[in-house]
Amino acid sequence: MSGPNTDYDPVEVTPLKPEEVAAARDAALAAVAAAGDLEQLKQARLEHAGDRSALALANREIRALPPQARKEAGQRIGQARGAVNQAIAERQAVLEAEHEERMLVEETVDVTLPTDRTVPGARHPLTTGSELIADIFVAMGWAIAEGPVLEAEWLNFDALNLGPDHPARTMHDTFWTEPSDNGIVLRTHTSPVQARTMLGQEPPIYVACPGRVFRTDEYDATHSPVFHQVEGLAIDEGLTMAHLRGTLDHLVSTLFGEGIETRFRPSYFPFTEPSAEMDMVCFVCRGTGLAAPGGATGAGATCRTCRGEGWIELGGCGMVNPRVLTACGVDPERYTGFAFGFGIDRIMMFRHGVEDLRGFFEGDVRFTTAFGSEL
Ligand code: FA5
């Protein structure tokens, strides 16, 4: 029977030699120290502290040693492995801190940098245009009135001296509603708000009424079946055509600039007597009807804004017909009044050099953004 292998010399087992263990430890420490990031440290850990590393293999060899040699070898290898594991843990902490620091810098959001985010949108130019016009009247002390777009036929026509057989009733290309005898139309102008106001309050009355109106007109560069008007109505003692003229001159100079000449041409509206069409001198060619010399259209060309007319038509106006005053409960012996109704879309076309009215209705932001982004 053979005794214990007392002749076993641990020095003879290569992985257990002190200098081999020290070399493996130093190589591991050097690799850990050289790891520049967490990925490299992971590789170093696998190579120098993993199951197949030199120190792990040496550790396994210990079991084969005679008991008296195990303690010393175990201590040597255990210290080497402990030193490597501690170095890994320390390097890990340093690299993690560096990584976090770097992320904070790299992922910082500079909220002051310009961005290409989508613009939030803006109010429609016809809305801001209507408000601009309304503001001019508010600044003169006038009130703003509104009426429904589905209007009583009586208020849209009859109250305004447009009886059922009046020829002018057919001039308004009306959208009727079903059933045909219900007496409701889509209002063809803002003038029914005049009647509503007079029926609802005592003079003196000074109201402006911007709003949407409807006519069965062809949709073209200057007409739309849905468009916008602003109505004005003043009822007081002693009002004359001069007050009407002065009011409209103020509106024109505020919208288009000081010194724009205006004129009245005789016209006919059943609800005003006398009636007029109001024109203003073209604010682009100043009445010459010619394009600017050196302009894109060349010398001698006609002005594109007024189409060579020299004048721009703004809308109808006149002194309120006494029959309308009576129908709306106002005493024509005591009060006189003036009224006017202008197309807001047309005013905006002239004011902004828009050649085709349809731009206002087709929702192309390239058209509307030219008016700015007022919210
Ligand atoms: C009227 O509607 C009268 N109610 C105006 C009025 C009020 C006169 C008070 C006297 C006293 P007229 O049909 O001319 O008038 O229309 C007024 C303006 O609306 C026109 O000058 C024009 O600028 C505009 N307009 C008329 N039809 C259209 C349309 N289809 N598209 C765009 N604008 C239009």
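A pocket here is an open set of grid points with protein on both sides within 12 Å along at least five of seven lines, and a molecule sits in one if more than half of its atoms lie within 2 Å of its grid points. All views show a predicted model.

Figure 1. The ligand sits in the largest pocket.

**Figure 2. Polar side chains at the ligand.** His-189 places a polar side-chain atom 2.9 Å from a ligand nitrogen. For Arg-215, a polar side-chain atom lies 2.8 Å from a ligand oxygen. Arg-346 also takes part: an N or O atom of its side chain is 3.5 Å from an oxygen atom of the ligand. On its own, the ligand has 680 Å² of accessible area, and the protein covers 93% of that.

**Figure 3. The salt bridge between Glu-151 and Arg-196.** The closest N and O atoms of Glu-151 and Arg-196 are 2.8 Å apart. This pair links distant parts of the chain, 45 residues apart. Glu-151 belongs to strand E2 (residues 150–152), and Arg-196 to helix H8 (residues 192–200). Arg-196 has 34%, so it counts as partly exposed. The cut-off for buried is under 20% relative accessible area.

**Figure 4. Asp-279 and its two arginine partners.** Asp-279 meets Arg-263 in a salt bridge, at 2.9 Å from N to O. Asp-279 lies in strand E7 (residues 272–281) and Arg-263 in strand E6 (residues 262–269), 16 residues apart. Asp-279 also forms a salt bridge with Arg-265, where the closest N and O atoms are 2.6 Å apart. Arg-265 lies in strand E6 and Asp-279 in strand E7, so this pair ties together parts that are 14 residues apart in sequence. Asp-279 is buried, at 2% relative accessibility. Both arginines are partly exposed: Arg-263 has a relative accessible area of 30%, and Arg-265 has 29% relative accessibility.

**Figure 5. The salt-bridge network around Asp-279.** Which residues are linked in a network of salt bridges? They are Arg-263, Arg-265, Asp-279 and Glu-313. The model has 10 salt bridges by the rule used here.

Terms used
Residues numbered from 1 in each chain as written. Predicted model: local features only at pLDDT ≥ 70, side-chain atom pairs only at ≥ 80, totals over all residues. Heavy atoms only, no water. Salt bridge = Lys/Arg side-chain N within 4 Å of Asp/Glu carboxyl O. Helix = DSSP H or I, 4+ residues; strand = E, 2+ residues; numbered from the N terminus. Buried < 20%, exposed > 50% of the residue type's maximum accessible area, 1.4 Å probe, protein only. Polar contact = N/O pair within 3.5 Å; in protein donor to acceptor, adjacent residues only side chain to side chain. Areas by Shrake-Rupley, 256 points an atom, 1.4 Å probe, with all protein chains shown as cover. 1 Å grid on protein atoms, 1.4 Å probe; cavity = no way out; pocket = protein on both sides within 12 Å on 5 of 7 lines; lining within 4 Å.
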